[in-house]
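Welcome! Have a look at the sequence and the 3D view below, and then we can walk through a few spots together.

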Amino acid sequence: MSDVKISASEVKKLRDMTGAGMMDCKKALKESNGDFDAAIEFLRKKGQKLSAKRADRDAKEGCVIALVSDDNSKGVVLRLSCETDFVSKNEDFVALTNKIAELALSKFPESKEALLQEDFEGITLDEKIVEQTGVIGEKVELAAYSRLEAPMVVPYIHMGNRAAVIVGLSKASDSFIEAGKDVAMQVAAMNPVALNEDGVSQDVIKKEIEIGMDMARQEGKPEAMLERIATGKLNKFFKDNTLVNQMFVKNNKQTIADFLKGIDSELEVIGFEHIKLG
């Protein structure tokens with residue numbers, strides 16, 4: 001290690017630039033003979049090494065952010081993951097997640113992989129996240145990212161940034177924002193598998209029919225009736241697990257579709273994206 005003298009102000013400057021710990025910054029500057037660019041590269045390489053070491057760790061904690069454009073025509077939702085609840089609640093970690101969401105909304109890439117290749121403060125977002133692994137000392141990863149475009153997109157972030165939702169409505173009006181938020185909260189609370197019956201995958205439908213037939217068989221129902229009984233149970237599954245058919249949590253006498261029509265006869269939810277921790 002170099003014997004070059006590193007001042008406290010230089011250490012603070014590097015810390016402000018990178019977010020790394022004071023001792024890490026001091027070591028990086030010493031190793032780099034006071035060259036800030038080289039010190040930043042030193043910290044990035046440290047992050048790469050730590051990222052490789054922690055690749056098999058579980059990153060089940062993190063911060064989830066939903067963000068929409070000023071005109072509410074598009075929105076993004078994403079999750080930046082880490083290993084511990086302590087880090088997930090750190091102001092710098094939450095701020096970083098918000099910055100990534102702002103980048104995602106600005107560039108609006110189609111996929112998580114494309115987002116990771118976007119420029120973030122002079123390096124790719126992927127490189128920034130690796131760097132943060134070295135800064136934080138935990139596995140950090142962009143675990144999930146989704147986007148949505150609609151006449152009106154409304155966001156909802158669940159308490160503590162543990163889940164977030166964006167909902168797309170068929171019509172735009174400031175008077176629909178509260179309704180959109182109610183629908184987004186419904187998604188967070190009831191976790192629908194799809195918007196409607198058409199959005200449920202054939203694999204899920206097949207599995208539900210098999211479960212329904214097995215249950216009916218165990219109840220002693222005739223073999224000839226099993227498929228019809230299973231189809232009835234499938235309809236119940238659609239009602240409970242598709243957003244537009246679910247009963248509204250704030251009024252269990254109407255479905256989500258009926259709730260929106262009560263506000264405007266042409267108002268519909270046309271899409272949603274839901275990301276949560278775990």
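With which side chain does the side chain of K128 make a polar contact of 3.0 Å? The partner is the side chain of E131. Keep in mind as you read on that this is a predicted model.

- You can find K128 in helix α7, which covers residues 125–136.
- Is K128 buried or exposed? K128 counts as buried because its relative accessibility is 8%, and the cut-off for buried is under 20%.
- Besides the contact with E131, the side chain of K128 has a polar contact of 3.4 Å with the side chain of E121.
- Leaving aside residues up to four places away in sequence, K128 touches F120, E121 and I123.

**Strand β2 and its partners**

- Which strands pair with β2? One of them is β1 (residues 61–68), which runs antiparallel to β2 and is joined to it by 8 bridges.
- To see one of these pairs, look for I65, whose bridge partner in β2 is L78.
- β1 and β2 form a hairpin, with 5 residues between the two strands.
- β2 also pairs with strand β5 (residues 141–149), again in the antiparallel sense and over 8 bridges.
- An example from this pairing is K74, whose bridge partner in β5 is E149.
- Here is a general point to keep in mind while you look at strands: in a regular strand, side chains alternate between the two faces of the sheet.

**Positive phi angles**

- N72, in the turn of the β1–β2 hairpin, has a positive phi of about 60°.
- N33 has a phi near 55°, which is a positive value in a residue other than glycine.
- Where does N33 lie? Look in the loop between α2 (22–31) and α3 (36–53).
- N33 is exposed because its relative accessible area is 54%, and the cut-off for exposed is over 50%.
- E121 is not a glycine either, yet its phi is positive, at about 55°.
- You will find E121 in the loop between β3 (119–120) and β4 (123–124), and its side chain is the one that joins K128 in the 3.4 Å polar contact.

Methods
Residues numbered from 1 in each chain as written. Predicted model: local features only at pLDDT ≥ 70, side-chain atom pairs only at ≥ 80, totals over all residues. Heavy atoms only, no water. Helix = DSSP H or I, 4+ residues; strand = E, 2+ residues; numbered from the N terminus. Buried < 20%, exposed > 50% of the residue type's maximum accessible area, 1.4 Å probe, protein only. Pairing = 2+ DSSP bridges. Polar contact = N/O pair within 3.5 Å; in protein donor to acceptor, adjacent residues only side chain to side chain. Contact = heavy atoms within 4.5 Å.
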